[in-house]
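The following briefing concerns a structure shown below. Please look at it first, and then read the points in order.

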Amino acid sequence: MTMVAVNTYTQSVTYVADNILKSLKDIIRLTGLDPSAFVGDWESSHRGISGWLESQDLEKVILEIFAPSTNTLIVRWDLDIAYGWSGDGGFYTDTEQLKYHIRKAGIAPADARYRLVLRHRPGACDIAGWSSTTLRSTDGFSRQSLGSTIEHNGLGASGSYWRKN
Amino acid sequence: MSSVVARCFASVPARSSDATWTAIVEMLTRGQSGTDRDELLAVIGTASSLIADQAPKDAAIIVTCEGPRTRIRCIYDENAVSGSGVNESALGFDPLAGEWAMSLPCPAEDLSWVQASLARHSARVTARDLSDTGEAKNEATTAGAAFEIDAKGFFG
């Protein structure tokens, strides 16, 4: 029997959305925090990321790690989405590069908390479970780029993180 | 030793990690609602993260019950899209009959928080290091049972 694999944009969305969530889970764990709350929202997070990837409205996936006592940022991880889908080409998730930079960014205090924020283009449709918010200030922080981190057939995400100067 | 039935589910990118878990639950519960289904769906977040980690690629999700044991693996990437090796056909028995239990394979570095997270939702669904096949303990138990003599019955 001959089987033919047909790559669709939806499959690329699935691959990228799943690996964004996996990468963020790894960031939380390697930062010394418990990923339980993050995976508890897995379905809702996947619905938001894949929904706005499908409509090509998702611009950035952000993980804020902050101090609850002062409500100020400790470190912030960004995944910028690139829409270069071509239907052919490779797919990869650069787990080792990500782990290297997570360790470089350092361990967060044990009482640190985190939240996932998605930034989409103006006019994007609403998705259940998601509402507007304001990001914590990055004043006094500098951004370190990781380059392309996740890709499937040209749909991808490039990682970076913000840490205090 | 009890018989073993194997199934392989297409996962990322053919379907998302949480959709993969939902499909597995659908097969195990045979589409029926109830407490078993509720308990399995209660751990969907943690199970989905393990599926996204590709933990069930080489190490099986193991379901034990009064009947045959069910071993479930997931297939990823090109094979998931082409369907090569996929077998999601319905089981000819109830894989959750009686006192069932499920063991999820888990990367060693995630084992601690995964076990704690699962325990908050279910006493039946647990995680093991994915390097542990989940068979050695049971095989030893079975072998031990094969040589066990019921002295009372024998001399009785």
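H3(B) and H5(B) are roughly antiparallel to each other, because angles under 35 degrees count as roughly parallel, over 145 as roughly antiparallel, 65 to 115 as roughly perpendicular and the rest as oblique. The model is predicted, so local features need pLDDT of at least 70 and side-chain atom pairs count only at pLDDT 80 or more, while totals for chains, interfaces and linings use all residues. Residues are numbered from 1 along each chain as its sequence is written, chains are lettered from A and ligands numbered from 1 in the order in which they are written, and side-chain values use heavy atoms, with hydrogens and water left out.

**Helix pair in chain B**

- Helix H3 (residues 44-52) and helix H5 (residues 111-119) of chain B have axes that come within 9 Å and cross at roughly 150°.
- Helices (H or I, at least four residues) and strands (E, at least two) are DSSP runs, numbered from the N terminus.
- Axes are lines fitted to C-alpha atoms, for helices over the stretch in contact, and angles run from 0 to 180 degrees between N-to-C directions.
- Thr46(B), Ser49(B) and Leu50(B) of H3(B) meet Trp113(B), Val114(B), Ser117(B) and Leu118(B) of H5(B), where contact means heavy atoms within 4.5 Å.

**Sheet in chain B**

- Five strands of chain B form an open sheet in the order S1-S3-S2-S4-S5, with mixed pairing; two strands pair if DSSP finds at least two bridges between them.
- Strand S1 (4-10) and strand S5 (125-129) of chain B are the edge strands, each pairing on one side only.
- From one strand to the next, the twist averages 25°.
- Strand S2 (residues 61-64) and strand S4 (residues 101-106) of chain B run antiparallel and are joined by three bridges; Ile62(B) has Ser103(B) as its bridge partner in S4(B).
- S2(B) also pairs in the antiparallel sense with strand S3 (residues 69-75) of chain B, over three bridges, and Val63(B) stands opposite Thr70(B) in S3(B).
- A hairpin of four residues joins S2(B) to S3(B).

**Contact between chains A and B**

- Chain A gives 21 residues to the contact and chain B gives 24 residues.
- About 1900 Å² is buried between chain A and chain B, with 62% of this area from carbon and sulfur atoms; buried area is the accessible area (1.4 Å probe) that two parts lose on being put together, summed over both.
- Four salt bridges are counted between chain A and chain B, each being a side-chain nitrogen of Lys or Arg within 4 Å of a carboxyl oxygen of Asp or Glu.
- Asp53(B) forms a salt bridge with Lys22(A), in which the closest N and O atoms are 2.8 Å apart.
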